[in-house]
Amino acid sequence: DGCGHTVLGPESGTLASINYPQTSPNSTVCEWEIRVKPGQRVQLKFGDFDIDDSDSCHSSYLRVHNGIGPTRTEIGKYCGFGFQMDGLITSKSNEVTVQFMSGTHTSGRGFLAAYSTTDKSDLITCLDNASHFSEPEFNKYCPAGCVIPFADISGTIPHGYRDSSSLCMAGVHAGVVSNTLGGQINVVISKGIPYYEGSLANNVTSKVGPLSTSLFTFKTSGCYGTLGMESGVIPDSHITASSILEWSDQTGQVNIWKPENARLKRVGPPWAAFISDENQWLQIDLNKEKRITGIVTTGSTLAEYYYYVSAYRILYSDDAQKWTAYREPGTDKDKIFQGNTELYQEVRNNFIPPIIARFFRINPLKWHQKIAMKVELLGCQFSIGRAPKITMPPPPPPQNKNDNKNEDLSDDFVHSVKTSWQTDKTTFTPEIKNTTVTPSVTKDVALAAVLVPVLVMVFTTLILILVCAWHWRNRKKKSEGTYDLPYWDRAGWWKGMKQFLPTKSAEHEETPVRYSSSEISHLRPREVPTMLQTESAEYAQPLVGGIVGTLHQRSTFKPEEGKEASYADLDPYNSPIQEVYHAYAEPLPITGPEYATPIIMDMSSHPSTPLGVPSISTFKAAGNQVPSLVGTYNKLLSRTDSTSSAQALYDTPKGQLGPGATDELVYQVPQSVAHSTGSKDE
């Protein structure tokens with residue numbers, strides 16, 4: 001009569017003394033026999049130990065034995081208030097006996113312990129919470145039986161659980177482990193939140209919790225999405241029921257609570273059965289096999305109709321003909337799921353292991369007033385096509401006749417597994433449903449998916465490099481012309497550098513620059529830079545007139561600054577007619593007049609102009625004297641102080657003398673004709 005909370009699973013379990021965590025009663029005894037599969041050993045861990053040791057473990061103690069029955073041997077005898085045992089107690093075989101004895105005492109909570117097979121090295125107890133571990137992420141093994149009435153949790157998924165919550169009990173609430181089997185949890189610690197919601201899930205009630213410094217969540221497989229009831233993916237025609245409630249209200253309006261109304265969070269009435277008995281059902285066709293991991297239910301959600309289902313069982317099928325009731329592994333009874341306790345709250349239940357089926361049926365067993373509910377299924381697509389495997393331990397070794405009075409847990413477990421297998425045999429599909437894709441083919445497809453984009457990128461890069469090299473080579477060839485210069489030596493560069501050179505005098509600016517072919521021929525190639533006038537920023541365009549056959553098209557010569565004076569003194573008219581070069585006007589000085597000097601052209605010698613019209617190029621002569629004319633095609637244009645607007649051929653630059661001034665602005669036009677050799681009086 002000294003046994004408290006006890007759950008003995010095939011691989012793990014939890015046991016506690018009577019009335020734990022309150023003071024255990026006097027003169028009580030309890031004995032647990034634990035058996036796991038052969039080849040394994042049992043390890044025992046205490047979550048709390050508080051047994052009176054006033055008589056040196058004589059009347060109150062906890063004793064652990066190797067084996068079961070008369071042949072068992074003692075591992076250890078323990079007692080003490082607040083006894084701390086950091087390590088694990090490990091058996092030498094697959095069987096262990098735990099014996100608790102409580103004598104006369106006035107205090108002592110008793111004990112709570114967990115056990116598992118020795119391959120679960122990270123075993124924890126139901127009392128451990130997140131604050132006991134400093135790592136931001138860790139894996140632990142929870143034993144079976146951690147839904148205990150004396151432990152509290154706060155929070156829910158996906159927001160997380162308060163750090164003071166029991167890790168294993170929260171794992172059951174979240175649906176990541178089973179209370180009857182236990183299981184592995186992957187915990188992640190995060191920063192706490194100000195408020196933790198409460199909810200009911202998997203027969204565990206989570207309470208509202210206040211602010212905490214940290215919280216924890218669980219990493220899962222991700223197969224917890226909705227399967228289409230709320231969203232409407234499942235059509236109305238795929239939702240059927242055993243009966244439909246149809247009735248008329250006081251106004252005479254007919255109300256029909258059809259099966260398609262059983263969509264979670266859908267506004268309006270729910271589905272309700274016409275007759276409230278245990279033979280009613282709501283059926284959902286998922287169109288193909290799905291992996292179903294959970295279900296969420298509510299009541300009618302209508303305040304005036306306080307209807308809800310408080311307990312139900314689940315059946316599933318592949319063909320809607322042969323139905324299998326859901327059972328937990330190791331049991332021979334249908335599992336009864338806890339439903340709603342009121343009409344609004346959403347209650348979740350998870351299936352561990354998950355259900356793999358196309359047709360899903362809910363069979364209400366308990367309800368309030370009438371059977372009415374709204375439903376959503378949780379899960380994911382099922383594409384592998386493998387039936388879940390159930391591991392059955394071998395039969396236990398023969399027992400002595402004296403031990404027949406003890407309950408043989410292993411026999412019950414084997415029997416329940418066999419019963420479950422025989423009951424579920426019509427549900428499981430063949431071992432392999434898709435034999436088209438083999439594992440090797442899957443690997444090849446994955447490898448190709450990686451290599452193809454890489455090869456495409458490499459070939460694209462090579463093509464771009466070749467195209468760029470070809471364009472660069474062509475551009476380099478074009479830049480190697482006879483009279484072409486690099487881009488930095490063109491007119492734009494010279495114009496930018498000109499501002500750093502000494503400023504010419506006004507008199508020197510007015511001196512025309514003349515070139516003769518003889519002097520040009522004496523210059524070294526590096527002293528005569530050639531330039532194609534693609535940008536006319538530095539020199540004016542040549543005047544179209546005279547003989548142009550002896551010069552390359554669009555070429556010009558810029559003399560060096562130190563030799564301008566000597567060029568200006570040369571006779572510009574001593575060249576033969578066939579070697580006359582066009583002159584180019586000097587660039588306007590920075591401080592010069594605002595307006596450029598207009599140019600009057602005589603196109604007489606141009607092929608497109610008629611004969612008799614003189615060809616004129618303009619040069620501004622030094623001084624105010626009008627130079628003499630030389631040649632039959634030379635013509636002198638001058639501006640006088642005449643006040644007639646018709647005779648004003650040139651506008652007066654800003655800052656110069658006005659039209660009434662006595663000085664005249666004279667512009668001389670040397671032409672491309674033969675001149676006398678001795679004509680140097682200019």
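Buried means under 20% relative accessible area. Keep that cut-off in mind for the views below, which show a predicted model.

**View 1. Lys120 and Asp119 meet in a salt bridge.**
The nitrogen-to-oxygen distance is 3.3 Å. Lys120 has a relative accessible area of 13%, so Lys120 is buried. Asp119 is partly exposed, at 46%. Side chains of opposite charge can pair when their charged atoms come close.

**View 2. Glu137 and Lys219 form a salt bridge.**
The closest N and O atoms are 2.7 Å apart. This pair links distant parts of the chain. Glu137 sits in strand β10, and Lys219 sits in the loop between β16 and β17. The two residues are 82 residues apart. Lys219 is partly exposed, at 48%.

**View 3. Arg358 and Asp285 meet in a salt bridge.**
Here the N to O distance is 2.8 Å. Arg358 lies in strand β26 and Asp285 in strand β22, so the pair ties together parts that are 73 residues apart in sequence. Arg358 counts as partly exposed, at 26% relative accessibility. Asp285 counts as buried, at 10%. Salt bridges that share partners also join Glu11, Asp119 and Lys120 into one network. How many salt bridges does a search of the whole structure find? The search finds 15.

**View 4. Five strands form an open sheet in the order β10-β13-β16-β12-β11.**
The pairing is antiparallel. Strands β10 (137-142) and β11 (155-156) stand at the edges. Each has a single partner strand, so one side of each is left without a neighbour in the sheet. Strand β10 pairs with β13 (residues 183-191) over six bridges. Find Phe138: its bridge partner in β13 is Val187. In a regular strand the side chains alternate between the two faces of the sheet.

**View 5. Helix α1 lies across strands of this sheet.**
The helix spans residues 167-174. It lies across β10, β11, β12, β13 and β16. Its angle to β16 is about 50°. Is α1 mostly covered or mostly open? It is mostly covered, as eight of its eight residues are buried. Among them are Leu167, Met169, Val172 and His173. Just after α1 comes Gly175, with a positive phi of about 85°.

**View 6. A second open sheet has the strand order β1-β2-β9-β4-β7.**
It has five strands, and the pairing is antiparallel. The edge strands are β1 (3-8) and β7 (89-90). Each has a single partner, so one side of each is left without a neighbour in the sheet. Strands β1 and β2 pair over four bridges. Thr6 stands opposite Leu15 in β2.

**View 7. Strands β5 and β6 form a hairpin.**
Strand β5 covers residues 61-66 and β6 covers residues 73-78. They pair in the antiparallel sense over five bridges. Val64 stands opposite Gly76 in β6. Six residues lie between the strands. Gly67, in the turn, has a positive phi of about 85°.

Most peptide bonds are trans. Pro21 is in the loop between β2 and β3. Pro158 is in the loop between β11 and β12.

**View 8. Ser27 and Gln369 have positive phi values.**
Most residues other than glycine have a negative phi. Ser27 has a phi of about 55°. Ser27 lies in the loop between β2 and β3, and is exposed at 56% relative accessible area. Gln369 has a phi near 65°. Its loop runs between β26 and β27. Gln369 counts as exposed, at 54%.

**View 9. A nonpolar patch lies on the surface.**
Its members include Val450, Leu455, Phe459, Leu462 and Ile465. The patch has about 740 Å² of accessible area together. Leu462 is found in helix α3 (residues 439-478). Leu462 is partly exposed, with a relative accessible area of 47%.

Methods: Residues numbered from 1 in each chain as written. Predicted model: local features only at pLDDT ≥ 70, side-chain atom pairs only at ≥ 80, totals over all residues. Heavy atoms only, no water. Pairing = 2+ DSSP bridges. Contact = heavy atoms within 4.5 Å. Axes fitted to C-alpha atoms, helices over the stretch in contact; angles between N-to-C directions. Patch = residues over 30% accessible without salt bridge, like charges linked within 9 Å, V, L, I, M, F, W, Y side chains within 5 Å. Areas by Shrake-Rupley, 256 points an atom, 1.4 Å probe, with all protein chains shown as cover. Salt bridge = Lys/Arg side-chain N within 4 Å of Asp/Glu carboxyl O. Buried < 20%, exposed > 50% of the residue type's maximum accessible area, 1.4 Å probe, protein only.
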